[in-house]
Amino acid sequence: MIIAAGLTKIYLSVTALQDLNLQVAPGELFALLGPNGAGKTTTIKILTTLTKPTRGQAWIQGFDVVKQPLLVKQRFGVCPQEINLDKELTAYENLLIYGKLYQTQDLKNRIRELLELGELTTRAHHLVRTFSGGQQRRLLILRALLSRPRVLFLDEPTVGLDPQIRRQIWDLIQQLHNDGITIMLTTHYIEEAEKLCDRVGILNQGRLIAVDSPQALMRLVGGYVVESTDNGRRHYQLVRDRDQAYALAQEDHQGIIIRQANLEDVFIQLTGQRLQ
Ligand SMILES: Nc1ncnc2c1ncn2[C@@H]1O[C@H](COP(=O)(O)OP(=O)(O)OP(=O)(O)O)[C@@H](O)[C@H]1O
């Protein structure tokens, strides 16, 4: 369980996070979705005790992130945005060193188990610098799982990966979700939040502007979008259902596209801006 109550972070003149209130239930897969600079990494940094909030409180599995950082650290795994593996060591050595540092129980078996889970068994004794981007990202996630945490934070787990590789990472995250791990991930990829997560929190300029399941958020703006062109400009109209969309499309024949609403439409509706 992850709880944030009134979390605020101010860096000199920048308010990176403003009064964040949030609960992530045990076993839930939750996405924080927002553009660059929205405050996603700041949220993860506070929840993983890397930085202190200016105001507010947060708890991981009932422990206070400011007052009980050591107890909190024992309860989560975190996968940072940048790949900070040792690329001159093998996959196995990376996990071994990290596991020794954090005194992981039954370390060798755990490494074997994790390499299997991440489909990296055959790459175990190869140098990480020879790994593809997707393999490195998988190894980073496995490293976060060494201590068998029940809460996992993933900061932009598929950033920079091409769509096919991204899906492999989604499969791995889905497996962890099936195992009942509570997962909070950050992303600016709409599809990732939409397809993978139980609930999504939309962050914009440090503020949480909506939280719900992707389906409920999309229903909020109307189920369908009618795109049309007028004098070279693209217009988007959100409508409740398919019939309404077709009725609207009859009125205007220029480059009409009817499609289902997505989280980008939700973001535009709420902020007036595009997400990407
Ligand atoms: N150490 C810092 N000092 C000053 N400002 C910071 C610091 N860290 C973050 N910020 C600012 O806080 C705001 C939120 O940044 P944050 O990294 O949390 O956003 P983000 O949503 O994770 O974006 P990205 O995906 O680009 O990392 C931004 O305006 C950023 O410039």
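In what follows, Ala, Val, Leu, Ile, Met, Phe, Trp, Tyr, Cys and Pro count as nonpolar, Asp, Glu, Lys and Arg as charged, and the others, Gly among them, as polar. The structure is a predicted model.

The shell around the ligand consists of Tyr11, Val14, Ala16, Gly34, Asn36, Gly37, Ala38, Gly39, Lys40, Thr41 and Thr42. Sorted by class, this shell holds four nonpolar, six polar and one charged residues. Two elements, strand E2 (14-24) and helix H1 (40-47), each supply at least two residues of the shell. The largest contribution comes from H1, with three residues.

Strands of a sheet pair through backbone hydrogen bonds, either parallel or antiparallel. Here six strands form an open sheet in the order E6-E7-E8-E3-E9-E10, and the pairing is mixed. At the edges are strand E6 (76-79) and strand E10 (207-212), each of which pairs on one side only. From one strand to the next, the twist averages 15°.

Strand E3 (residues 29-33) and strand E9 (residues 199-204) are joined by four bridges in the parallel sense. In this pairing, Leu33 stands opposite Ile202 in E9. Two helices may now be placed against the sheet. Helix H1 lies across E3, strand E7 (151-155), strand E8 (182-187) and E9, and runs at about 150° to E7. Helix H5 (residues 133-144) also packs on the sheet, where it touches E6 and E7; the direction of H5 makes about 160° with that of E6.

Helices may also pack against each other. Two packed helices are described by the angle between their axes and the distance between the axes. The axes of helix H3 (residues 91-101) and helix H4 (residues 107-117) come within 10 Å and cross at roughly 135°. Because of this angle, H3 is oblique to H4. The crossing of H3 and H4 is right-handed. On the side of H3, the contact is made by Ala91, Tyr92, Leu95, Leu96, Gly99 and Lys100, and on the side of H4 by Leu107, Arg110, Ile111, Leu114 and Leu115. The residues of this contact comprise eight nonpolar, one polar and two charged.

Further strand pairings involve strand E4 (residues 55-60). Strand E1 (residues 2-11) runs antiparallel to E4, and five bridges join the two. Here Ala5 stands opposite Gln57 in E4. Strand E4 is also joined by two bridges to strand E5 (residues 63-64), again in antiparallel fashion. In that pairing Ile60 stands opposite Phe63 in E5. E4 and E5 form a hairpin with two residues between the strands, in which Gln61 takes a positive phi near 50°.

Strand E11 (residues 224-230) pairs with E13 over four bridges in the antiparallel sense. Across this pairing, the bridge partner of Val225 is Arg259 in E13.

Notes. Residues numbered from 1 in each chain as written. Predicted model: local features only at pLDDT ≥ 70, side-chain atom pairs only at ≥ 80, totals over all residues. Near = placed C-beta within 6 Å. Pairing = 2+ DSSP bridges. Axes fitted to C-alpha atoms, helices over the stretch in contact; angles between N-to-C directions. Contact = placed C-beta atoms within 7 Å. Parallel < 35°, antiparallel > 145°, perpendicular 65-115°, else oblique. Left-handed = near helix turned anticlockwise from the far one by under 90°.
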